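Please open the structure in your viewer and keep the selection tool at hand.

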Amino acid sequence: AALREGYEHFDPRAYLRNNYLPPRADFSSEEFVVPWKLRCLAETFASGEIRGRTLIDVGSGPTIYQLLSACDHFEEIVATDYLAVNREELGRWARGEPGAFDWSPFIQHVCKIEGRGEPWQDKERRLRQRLRRILPIDVHRPEPLGAPLRPPADALLSAFCLEAVSPDRAAFVRALAHVGNLLRPGGHALLLGALGESFYLAGPARLPVVPLQESDVREALAAAGFALRELRSYAMPPALRTGVDDVDGVFFAHAQK
Ligand code: SAH
């Protein structure tokens, strides 16, 4: 209930400013956190192993950076979020409306690290074409979309959501199992998330987060029925500890149901 109440005050623009503008979104060096996240995703999708009809992104929030490498490998990308304000922010970007957040530096950077010489506008167009559904979701329900996804997703992505909506580790495991219900057996799951974080700010909202260690992520994936393929982590440099949260680092996990 406290979490739900906290999210009523979540300000998408403040969240974007805190996490997706400099200093965290600085593309001049791979030392910064946003380029690290984008590289994890670009390298994982570069294998060509993760592909199919549908990829679902759980708790997309107001962001699309997490879909930039994914969108080349799926016919449809389904974005989801609990909050209408975030779904609206995403819709503005998907429709190319004025006032939408400017993701072009992210798109340019991903094209650069993917190294195919693709004009960034082509990737932007492709993601907008493939992002056809932006759905409400609640990961605390065994059926997070209110009904099964038919057919189930071939891949699942979730960034900075499950630990940011779970009061404790047991709830995190349950949420992971719930979102696993949206994925076909054998499907790939990619998680990005916060390590050692107890809160983050989004304007007037101060959201509690369950602090996780790498070992918690390993155990949660196993308990929720996933086989771990890869786990990497990043230590937040002092210059990026800006007070918008108390995060120690970031994990990236690749697992299979
Ligand atoms: N994926 C984005 C946003 C993460 S912020 C990124 O990488 O930055 C956490 C998100 O979880 C917010 O967008 C919030 O609206 C969403 N959320 C809150 N409660 C939720 C719930 N019960 N189920 C699913 N998502 C929820």
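## First stop: F160

Select F160, which is found in the loop between β4 and α7 (169–180). Helices (H or I, at least four residues) and strands (E, at least two) are DSSP runs, numbered from the N terminus. The model is a predicted one, in which local features need pLDDT of at least 70 and side-chain atom pairs count only at pLDDT 80 or more, while totals for chains, interfaces and linings use all residues. Residues are numbered from 1 along each chain as its sequence is written, and side-chain values use heavy atoms, with hydrogens and water left out.

F160 has a positive phi of about 60°, although it is not a glycine. Most residues other than glycine have a negative phi, and most peptide bonds are trans. F160 is also buried, with a relative accessible area of 17%. Here buried means under 20% relative accessible area, exposed means over 50%, and partly exposed lies in between (1.4 Å probe, protein chains only).

## Two cis peptide bonds

Next, select P22 and P23, which are joined by a cis peptide bond with omega of about 10°. P23 lies in the loop between α2 and α3. Then select R150 and P151, where a cis peptide bond has omega of about -10°. P151 is found in the loop between β3 (131–136) and β4.

## The cavities

How many cavities of 30 Å³ or more does the structure hold? There are two. On a 1 Å grid over the protein atoms alone, a cavity is a set of points where a 1.4 Å probe fits but cannot get out, and a pocket is an open set with protein on both sides within 12 Å along at least five of seven lines; lining residues have an atom within 4 Å of a point. Grid points are joined across faces, edges and corners, and a volume is the space filled by probe spheres set on the points.

The largest cavity has a volume of about 210 Å³. Select N19, R24, F160, E197 and D245, which are the closest to its centre among the 17 residues of its lining. Helices α2 and α3 each supply at least two lining residues of the largest cavity. The lining divides into eleven nonpolar, one polar and five charged residues. In this count, Ala, Val, Leu, Ile, Met, Phe, Trp, Tyr, Cys and Pro are nonpolar, Asp, Glu, Lys and Arg are charged, and the others, Gly among them, are polar.

The second largest cavity holds about 30 Å³ of space.

## The largest pocket

About 480 Å³ of space lies in the largest pocket. Select Y7, Y82, C161, A164 and V165, which are the closest to its centre among the 29 lining residues. Two or more residues of the lining come from each of α1 (2–7) and α2 (12–20), and α1 gives the most, with three residues. By class, the lining has 19 nonpolar, seven polar and three charged residues.

## The cysteines

With a disulfide taken as a pair of cysteine sulfur atoms within 2.5 Å, the count comes to zero disulfides. Select C71 and C111: the sulfur of C111 is the nearest cysteine sulfur to C71, at 8.9 Å. C71 is buried, with a relative accessible area of 0%.

## Aromatic rings

Rings of Phe, Tyr and Trp (its six-membered ring) pair if their centres lie within 6.5 Å; planes under 30 degrees apart count as stacked, over 60 as edge-to-face and the rest as tilted. The count comes to twelve aromatic pairs. One of them is F27 with F106, an edge-to-face pair at 5.1 Å centre to centre and 80° between the planes. F27 lies in the loop between α2 and α3 (33–46) and F106 in helix α5 (residues 104–114), so this pair ties together parts that are 79 residues apart in sequence. F27 is partly exposed, with a relative accessible area of 22%, whereas F106 is buried, at 2%.

Finally, select R206 and F199: the charged end of R206 sits over the ring of F199, 4.1 Å from its centre. A charge sits over a ring if NZ of Lys or CZ of Arg is within 6 Å of the ring centre and within 35 degrees of the ring normal.
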